[in-house]
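Please read it alongside the sequence and the 3D view.

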Amino acid sequence: MQYDSMLNDWNKVMTATAELTDKDANRFLRRLFDSVESDQQFFKYLNVASRGLCVKGSWTDHSILRPQTKAGWTIHVTLKGSGYYNCVRTTLQTQPDDILLFSPTAYLAVRRAGDCDQWLYSWVTFQDEGGIKDMLNWPEIASGIHHIRKAKAVNQCTLVKKECNELRG
């Protein structure tokens, strides 16, 4: 596991009597966040929403790698800047208003795109008990990874709302 290797590598730095420099602290935090491969221990059975801000050169400028099954479905919405997604056999560089939907089994590898200084995105991890993938019908760009732009998503949500109202009678 990356986490154990990271702790062994940093043990000398953290137990030294000299003060920890800002540069070393930033490197440690980036490596710590890079080492988390599973979200199961954090999000199991919960619906969680937050924002991510990756700023070039800061401790927030880390990659996210989740190769294992996740605790639920995840949506990422790029708000500002650009994110870079490795989707195994394809890559995607997002722009503001890009929305990605990840199934629990999708390979998730993401970081700030190299050509921007910061990337702001919102994310939600949730449990799907109603067949959201089928209801949304977004294009699948890789196994378990779906992508759409905000304008198309708004149009689809309007159609879904109309269908739900018609079903209610």
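Helices (H or I, at least four residues) and strands (E, at least two) are DSSP runs, numbered from the N terminus.

**Basis and confidence**

- This is a predicted model, in which local features need pLDDT of at least 70 and side-chain atom pairs count only at pLDDT 80 or more, while totals for chains, interfaces and linings use all residues.
- Residues are numbered from 1 along each chain as its sequence is written, and side-chain values use heavy atoms, with hydrogens and water left out.
- For the protein, the mean pLDDT is 77, and 64% of its residues reach 70 or more.

**The sheet**

- Six strands form an open sheet in the order E1-E8-E3-E6-E10-E9, with antiparallel pairing; two strands pair if DSSP finds at least two bridges between them.
- Strand E1 (48–55) and strand E9 (140–142) are the edge strands, and each pairs on one side only.
- On average, neighbouring strands of this sheet are turned by 25 degrees against each other, direction ignored; the axes are lines fitted to C-alpha atoms, for helices over the stretch in contact, and angles run from 0 to 180 degrees between N-to-C directions.
- Strand E3 (residues 73–80) and strand E6 (residues 98–102) run antiparallel and are joined by four bridges.
- His-76 has Leu-100 in E6 as its bridge partner.

**The aromatic rings**

- There are three aromatic pairs in the structure; rings of Phe, Tyr and Trp (its six-membered ring) pair if their centres lie within 6.5 Å, and planes under 30 degrees apart count as stacked, over 60 as edge-to-face and the rest as tilted.
- Tyr-85 and Trp-119 form an edge-to-face pair, because their ring centres are 5.9 Å apart and their planes stand at 85 degrees.
- This pair links distant parts of the chain, with Tyr-85 in strand E4 (residues 83–86) and Trp-119 in strand E8 (residues 118–126), 34 residues apart.
- Trp-119 also forms a stacked pair with Tyr-121, at 4.1 Å centre to centre and 20 degrees between the planes.
- One aromatic cluster is formed by Tyr-85, Phe-102, Trp-119 and Tyr-121.

**Burial of the rings**

- Tyr-85 is buried, at 1% relative accessible area; buried means under 20%, exposed over 50% and partly exposed in between (1.4 Å probe, protein chains only).
- Trp-119 is buried at 0%, and Tyr-121 is buried at 5%.

Notes:
pLDDT = per-residue confidence, 0-100.
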